[in-house]
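Please read this briefing alongside the sequence and the structure shown below.

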Amino acid sequence: MTEKYNVEAAEILANEALRLQISEAVPIYEQLLSTFPTAAKYWKQYVEAHMAVNNDDATKQIFSRCLLNCLQIPLWRCYIRFIRKVNDKRGNEGQEETRKAFDFMLNYVGADIASGPVWMEYIAFLRSSPAQTTQEESQRMTSVRKAYQRAIVTPTHHVEQLWRDYENFENSISRALAKGLVSEYQPKYNSARAVYRERKKYIDEIDWNMLAIPPSGSSKEEMQWMAWKRLLAFEKANPQRIDSASANKRIVFTYEQCLMYLYHYPDIWYEYATWHAKAGSIDSAIKVFQRALKALPDSEMLRYAYAELEESRGALQAAKKVYENLLGDGSNASALSHIQFIRFLRRSEGVEAARKYFLDARKSPNCTYHVYVAHAMMAFCLDKDAKMAHNVFEAGLKRFMHEPGYILEYADFLYRLNDDRNIRALFERALSSLPPEESVEVWKKFSQFEQTYGDLASMLKVEQRRKEALSRTGDDGTSELESSLQDVVSRYSFMDLWPCSSNDLDHLARQEWLARNINKKTDKPTLGIEAGSADKTSSGVLSNTNPPAKVVYPDTSKMTIYDPRQMSGPAALAVPSASGTLPYSGSSGGPPNALNDILKSLPPAFAAFMANLPAVEGPTPDADFVISVCLQSNIPLATGKSGTASFPLQSGPAPSTSDISDSSKFRSRDRQTGKRKDMDRQEDDESSTVQSQPLPRDVFKIRQLQKNRVASSSRVTSSYTGSASYGSALSGDLSGSTG
């Protein structure tokens, strides 16, 4: 699919076709246009190649294939050039054919924002028409006036030029008559000009050279989809307040243009068809669906939507034909298509027709248990025939005993019948044949059933059997067989009501995981889980299996689980020394050499920034608080003296935090600013502190800093006291007590 719709390859082929003879280029054009049937630029290139060799018959055939599906001005102007060329030497008859071609073109693309030159060409053609008598002259002037009046109320790029030409035209005939006509059309022209300015904003967002390809999820495609949706919403709002017929015509034109580029988007086709249906034009909606299925023959969604439209208007045979085309010969039909056709037959032809088709559908190689479930529930819910539904479920059980999903659906059906005896029998039959790894959900459903229908003894018995069966799937030994408090929670919870708090649930899940891994050796470490992320049910915690010998796992034996309660209080980092390292005052033994190595490689200004960050009791610091610390901290500049790392001094003031966070932009701005400040201003800037630097221009940052300035200043003061903790200030993951 990706290779078929390769845009770059298509452009290469199109350029290659330009250099070939028409006989050699035809196969290339046909290949391109079979892949991109709405690519107006390729159609135009194809037809111009035939026009260049005066192949009029082939030119007419190509225009008949592409014009109505490609509403683009350059292609249509190529069409009118061809028509004028053919009819130039045919006298009055040729003039009439050309006029009809102009009317035909303006009827389809006259609403385009780029149609101004077309209107001008049409008016020039009318004015150049010969008039032998006074009556013919009067008819010609009337035709020109009507063309102008249509053009000046159409929002196009040339609407202002057309208005000026219209004023000159009317004044050239009669100034007295011109005054009344101009005053009559002035408001309409003003409205068209205002709408043009608004429409142009939406038009400018659209890529008119884009080829129609299936959606791939790229950002460019999504932006184009949004641009077209905005333009469609704008046109549907009827901003020009024109009559309904003209407004609907403009909406249709916009949809047709949209489908040139979003040809493979089923939602656009569906929206277009439903818009026609809501507007009362069912026939137009049907035609749109038929075109959509031709463009996207594999779209089941559009077929169901089309069949739904036909059925809703009472055309049952037409709807049935849509379903039959979807099913084909039945060999490749999906289970869902079988189900939907059974439902349609039940609605349209009755119970017997649906049952008859079900008997045929179950013989299909693609028939799954879903078809049995759907037919059984249809008999139970619609026909009120519980016996028939039970027979269908039993027939399916012979074929789908190995499907846990089918067992659960059958059990739900028996739940509705309140048939506890057959439910137990169903579970026993299923669990005796299902492998343990596939029976987890069935055991869970069996346990829930006993909690509702059974007594305490049966509940405990099923729970114990469940543990014995599922313990065979892991390597946990006898720990799975022991009773736990999790079992009590499972038995005595109801819906979203729990016999304990969420913290207790987290603690129990954590303890269960620890019990599973209590015998693991430290030389084969396993990845732990945080207490807060544990599942609330015991079935949600999976046991760890032995890793393959070839897989290399990280040594996590020295890792500790983050717990805020282990921290005695906020810690702070000391100011770095001249060598760029930070003194360490944690409670554990030696300094963290790796951390000091990292800090040595940092510029002094950035190391000072790191030192001013407060200790945070958690993995995620407050961004606003960090920004406030940056703005209120004195960050030293590199002096270039011995014993310290030297860096080229900037001629401007000390960088603010926002500049440090985006150093590349800061440096590029310094290089671009070639103006040199006077010495007094430079000395003031170099001696100023960070507090005196201007705030960032980001409005959100300014608002947040103003809101938190008082609170942050007190917190910064308190953060400077206490023991240092590298981990809490740098990453929030390691504590100072770790070695």
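**Helix packing and core**

The model is a predicted one, and the points below are grouped by topic.

Helix 18
- Within helix 18, which covers residues 351-361, the buried positions are Ala353, Ala354, Arg355, Tyr357, Phe358 and Ala361.

Helix 19 with helix 20
- The axes of helix 19 and helix 20 come within 7 Å and cross at roughly 170°; angles over 145 degrees count as roughly antiparallel, and the two helices are therefore roughly antiparallel to each other.
- Helix 19 contributes Tyr369, Tyr372, Val373, His375, Ala376, Met377, Ala379 and Phe380 to this contact, while helix 20 contributes Ala386, Met388, Ala389, Val392, Phe393, Ala395, Gly396, Arg399 and Phe400.
- By residue type, the contact of helix 19 with helix 20 comprises 14 nonpolar residues, two polar and one charged.

Nonpolar core
- The largest nonpolar core has 155 residues, of which Tyr42, Phe63 and Trp269 touch the most other members.
- Helix 19 supplies the largest share of this core, with 10 residues.
- Apart from neighbours within four places in sequence, Trp269 is in contact with Leu259, Tyr263, Val288, Arg291, Ala292, Ala295, Leu296 and Leu302.

- In the model, the span 266-299 is 79% helix and 0% strand, and its end C-alpha atoms lie 8 Å apart.

Note on methods: Residues numbered from 1 in each chain as written. Predicted model: local features only at pLDDT ≥ 70, side-chain atom pairs only at ≥ 80, totals over all residues. Heavy atoms only, no water. Helix = DSSP H or I, 4+ residues; strand = E, 2+ residues; numbered from the N terminus. Buried < 20%, exposed > 50% of the residue type's maximum accessible area, 1.4 Å probe, protein only. Axes fitted to C-alpha atoms, helices over the stretch in contact; angles between N-to-C directions. Parallel < 35°, antiparallel > 145°, perpendicular 65-115°, else oblique. Contact = heavy atoms within 4.5 Å. Nonpolar A, V, L, I, M, F, W, Y, C, P; charged D, E, K, R; others polar. Core = buried A, V, L, I, M, F, W, Y, C linked by side-chain atoms within 4.5 Å.
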